[in-house]
Amino acid sequence: MNQFRLSRRPDIGEKINVSFEFFPPKTDAMAARLWETTQRLEPLAPYFVSVTYGAGGSTRERTARTIERIIKETSLTPAAHLTCVDAKCDEVDGVIRQFLDLGVKRFVALRGDPAEGVGSHYQPHPGGYASTADLVAALARHGAEDISVSAYPEKHPESPDYATDIDVLKRKVDSGAKRAITQFFFDNDVYERYVERVRRAGIYAPVVPGILPVHNFAQVANFAGRCGAHVPAWLAERFEGLEDDPQTHMLVAAAVAAEQVLDLVERGVTDFHFYTMNRADLAIAICHMIGIRAQALVEEEKPAAA
């Protein structure tokens, strides 16, 4: 396909559920930006917001601190990411209990990338959970109420074929996952064909599209190449010549993502997961273009001092 069909239905925003993904901050400046982003996105009333782990589980403590602040200081519903990487089962179980004690009910269970990053060969930790399906089963045993897992419309880079990739997804769902959230993609036909394969395999859990607004085309293209996501020629043409024009780049990025979402809505999709990169501007613009409007936040009344 060359481009998306732009819908003009005025009521479309009422039929869409969105969730947002953040990554934990590494510095005080990044923490300040993330908190500003969180506060700006809160009025959009997302279904949930998720906070990731770094490669090798390297940001575990920052993830916990970020989620704890979201719980204490916002009306948002957080989902905690968990991975199998570089940890024994009892260590992962301890993290699960820590999140449950904080009041976290939702989790995103991932195998995770090695500390060396995307493209490195994965080796299960001795004494750890060997796969995402095992991690999902552990979360279910501990009482997690809502577990999401990953899905790959263009298959995981380490999967030899689609049949193997979808079999992995089926094991995750059979272990207790309620939904799958996809790796980002830019060709909606690829997503639609993938969902058809998933359904033929007897998997009926929702497959939520992961949408990546293009904050920086060169960086996105580089990352896509490393994780096996195709960048269509028409998309590259949209951003051609905008390397030194960030304002126009952002406008184009918002339009592209909104067109993608609206085209998917025309195909019957209602739930979307946005990879925000801890930035609010594009996510807010896209949500506005697809009909999602900010809602007034109502503060709880505190009893008057005696």
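Residues are classed here as nonpolar (Ala, Val, Leu, Ile, Met, Phe, Trp, Tyr, Cys and Pro), charged (Asp, Glu, Lys and Arg) or polar (the others, Gly among them). The structure is a predicted model: local features need pLDDT of at least 70, side-chain atom pairs count only at pLDDT 80 or more, and totals for chains, interfaces and linings use all residues. Residues are numbered from 1 along each chain as its sequence is written, and side-chain values use heavy atoms, with hydrogens and water left out.

Helices (H or I, at least four residues) and strands (E, at least two) are DSSP runs, numbered from the N terminus. Two strands pair if DSSP finds at least two bridges between them. An open sheet is formed by 9 strands. Their order is S7-S6-S5-S4-S3-S2-S1-S9-S8, and the pairing is parallel. Strand S7 (207-208) and strand S8 (210-211) are the edge strands, each pairing on one side only. Strand S4 (residues 106-110) pairs with strand S5 (residues 146-151) in the parallel sense over 4 bridges. Ala-109 has Val-149 in S5 as its bridge partner.

Two packed helices are described by the angle between their axes and the distance between the axes. Axes are lines fitted to C-alpha atoms, for helices over the stretch in contact, and angles run from 0 to 180 degrees between N-to-C directions. The axes of helix H5 (residues 162-174) and helix H6 (residues 188-200) come within 10 Å. They cross at roughly 65 degrees. The contact (heavy atoms within 4.5 Å) is made by Tyr-162, Asp-165, Ile-166 and Leu-169 of H5 and Tyr-194, Arg-197 and Val-198 of H6. By class, this contact has 5 nonpolar, no polar and 2 charged residues.

A cavity is a set of points where a 1.4 Å probe fits but cannot get out; a pocket is an open set with protein on both sides within 12 Å along at least five of seven lines; lining residues have an atom within 4 Å of a point. Grid points are joined across faces, edges and corners, and a volume is the space filled by probe spheres set on the points.

There are 3 cavities of 30 Å³ or more. Strand S1 (17-22), strand S6 (179-182) and strand S9 (271-275) each supply at least two residues of its lining. Tyr-47, Phe-48 and Val-208 are among the lining residues. The lining has 6 nonpolar, 3 polar and 2 charged residues. The second largest cavity has a volume of about 40 Å³. Its lining includes Tyr-152, Gln-183 and Cys-227, and divides into 6 nonpolar, 2 polar and 2 charged residues.

The second largest pocket has a volume of about 330 Å³. Of its 17 lining residues, the closest to its centre are His-215, Asn-216, Phe-217, Pro-246 and His-249. H9 gives the most to this lining, with 3 residues. The lining divides into 9 nonpolar, 3 polar and 5 charged residues.

Terms used
1 Å grid on protein atoms, 1.4 Å probe; cavity = no way out; pocket = protein on both sides within 12 Å on 5 of 7 lines; lining within 4 Å.
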